Amino acid sequence: AQAERREQNRRLMEEVALANAEQIRLKNLLAVADKEEERRIMAYNKEREAREREEAFNKERIRVEKEAEVERMRNAQQRMQDVQSELDALRMKRADEEKERQWRRKERAEAERLGA
């Protein structure tokens with residue numbers, strides 16, 4: 001009877017040792033899985049942050065390019081207005097000069113008519 005009890009105790013201790021070893025193995029597996037999940041999360045966050053930085057950079061680049069294009073168009077429009085103003089001023093000057101020439105011709109013709 002005592003030998004049976006010892007055998008039962010030995011088997012029980014063996015089962016407990018096996019259960020403990022299995023628990024330790026599962027705990028280690030969970031730790032490895034947790035580390036792997038943490039690594040994947042960090043890699044995902046790193047990739048997401050890189051994408052967000054690139055998107056922000058691209059948005060800023062597009063904004064700057066649009067701003068530069070608007071400025072270029074404003075400058076071109078201003079140059080066209082300046083050229084048009086110069087042409088208008090030149091036309092007015094020529095028109096005034098032509099009026100002056102016509103007035104002088106008329107005065108000369110009037111003076112010749114009166115003097116003749």
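Buried means under 20% relative accessible area, exposed over 50%, and partly exposed in between, with a 1.4 Å probe and protein chains only. This is a predicted model, in which local features need pLDDT of at least 70 and side-chain atom pairs count only at pLDDT 80 or more, while totals for chains, interfaces and linings use all residues. Residues are numbered from 1 along each chain as its sequence is written, and side-chain values use heavy atoms, with hydrogens and water left out.

**Figure 1. Overall form of the protein.** The protein holds one helix and zero strands; helices (H or I, at least four residues) and strands (E, at least two) are DSSP runs numbered from the N terminus. Its C-alpha trace spans about 170 × 10 × 5 Å along the principal axes.

Figure 2. Of the 116 residues, 0% are buried. The accessible surface comes to about 11400 Å², and 55% of this belongs to carbon and sulfur atoms; areas come from the Shrake-Rupley method with a 1.4 Å probe, and for residues only the protein chains shown count as cover. There are 30 positive and 29 negative side chains, with the centres of the two sets 1 Å apart. Lys and Arg count as positive and Asp and Glu as negative, whereas His and the chain ends are not counted; each charge is placed at NZ of Lys, CZ of Arg, CG of Asp or CD of Glu.

**Figure 3. Salt bridge between Glu 69 and Arg 72.** The closest N and O atoms of this pair are 2.6 Å apart. A salt bridge is a side-chain nitrogen of Lys or Arg within 4 Å of a carboxyl oxygen of Asp or Glu, and the count comes to 17 by this rule. Glu 69 and Arg 72 lie about one helical turn from each other because they are three residues apart in helix H1 (residues 2–115). Glu 69 is partly exposed at 35% relative accessibility, as is Arg 72 at 46%.

**Figure 4. Salt bridge between Glu 71 and Arg 74.** The N to O distance is 3.2 Å. Three residues apart in helix H1, Arg 74 and Glu 71 are separated by about one helical turn. Glu 71 is partly exposed, with 37% relative accessibility.

Figure 5. Arg 105 and Glu 98 meet at 3.6 Å, N to O. Relative accessible area is 45% for Arg 105, which is partly exposed, and 29% for Glu 98, also partly exposed.
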